[in-house]
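Me: Could you walk me through reading a fold, one feature at a time?

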Amino acid sequence: MKRKIVSIMTTAAVVLLAACGSQTAQTADDAAAFSESGGQDNAVRTGEGEEAENVSYTIGISQFAEHGSLDNCREGFLQGLAEAGIEEGKNLTVLFDNAQADMGTASTIADSYVSQKVDLICAIATPTAMSAYNSCMSTDIPVIYTAVSDPVGAGLANADGISVGNITGTSDALPVTAQLEMIREILPDAKKIGIIYTTSEANSVSTIAQYKAGAGAYGFEIVETGINTIADVPMAAADMAGKVDCITNLTDNTVVSALQTVLDEAGKAGIPVFGSEVEQVKNGCVASMGLDYVELGRQTGAMAAKVLKGEAKAADLPYEVITEASFYVNTAAAEKIGLEIPADMMTGAAEKFEEITIE
């Protein structure tokens, strides 16, 4: 199975990712120099007839939490920019902050980027995308988001898919049907699937609805538990593990940040945990019909490059979404609970991992 990124066939839909925040790639001296230079107002910009090597940019990257999939988005985003000739250390200054899964911090980070008059904000994950959009609403700073599962549900796009402002990006909408089909094939007798999610994450709420809508066709019941903070995960995971036949993860930033806790509780109960992307499988989930977040980031970087170069406006670019997923499997995680993966699935796996990587 191959991944494919396609444009939504409506005008730009919008999602602002997640700002995370205490780490920054810029030193205090760099920040002061940038501020004194007038930031965006005095930045060298692309103009008709200008040579690309004479153009430089400053961007802010706001990431909502620290975990593999979002890190991969950031890595891919910078790759996409570099492939378009915009490279850190040459013609690009990057300010990077991680909000550590705190919405207040995400808002502070976005406000800081606006005050520094950056040329563009890249928001990684839904909460930071929403924060960046709010901070930039009365400015001309474009926002490019990635890893936003439901731009419409997050208020970043209208119901018809039209952008709500100077914002666009890429969506990591999960292949829910493919995931349900995979779980049924691996667990032919399972009845209940558990999902832990953060009630304040719009992407998780909308994905839960998709699981509920599709579960019946595969003979499953969805058992959900909502949490508010990462401190709620241990109790939620322990309770969930005793009620269900397996757990499936979303791309819920808070829950994924506590993935090892979920895996530990599921392991005690002898039930599998399924991931939603490749990093979760590397870290101990049994399998996933998952997404490649480096590729998602690269596509986002290519979109950002067009905006920075003046080739397009964020508001005029349709958001893009991965529509096909790949099968990833961790044989060590399966063996740990005595689970056998069907041979035909193993043959078709995009990647197989024979050990568990704990972050």
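Predicted model: local features only at pLDDT ≥ 70, side-chain atom pairs only at ≥ 80, totals over all residues.

Me: How many helices and strands does the chain have?

Reply: Helices (H or I, at least four residues) and strands (E, at least two) are DSSP runs, numbered from the N terminus. Here that gives 13 helices and 14 strands.

Me: What percentage of the residues count as buried?

Reply: Buried means under 20% relative accessible area, exposed over 50%, and partly exposed in between, with a 1.4 Å probe and protein chains only. Of the 359 residues of the chain, 55% count as buried. Strand 3 (residues 92-98) is mostly covered, with 6 of its 7 residues buried.

Me: Which strand pairs with strand 3, and in what sense?

Reply: Two strands pair if DSSP finds at least two bridges between them. Strand 2 (residues 57-63) pairs with strand 3 in the parallel sense, over 7 bridges. To get from strand 2 to strand 3, the chain passes through helix 2 (residues 68-83) in a right-handed β-α-β crossover. Right-handed means that, with the strands pointing away from the viewer, the path from the first strand over the helix to the second runs clockwise.

Me: What is the strand order in the open sheet?

Reply: The order is 8-7-9-10, with parallel pairing. Strand 8 (221-227) and strand 10 (273-274) are the edges, each pairing on one side only. Strand 7 (residues 192-198) and strand 8 share 7 bridges, and G194 has V223 in strand 8 as its bridge partner.

Me: Is T225 buried or exposed?

Reply: T225 lies in strand 8 and counts as buried because its relative accessibility is 18%. Contact means heavy atoms within 4.5 Å. Leaving aside neighbours within four places in sequence, T225 touches I195, I196, Y197, A236 and M240.

Me: Which residues of helix 6 are buried?

Reply: An α-helix has 3.6 residues a turn, so residues three or four places apart point the same way. In helix 6 (residues 202-215), the buried ones are N203, S204, S206, T207, I208, Y211 and A215. Their cover includes helix 4 (126-136), helix 5 (176-186), strand 7, strand 8 and strand 9 (246-248).

Note on methods: Residues numbered from 1 in each chain as written. Heavy atoms only, no water. Expected span 1.5 Å × (residues − 1).
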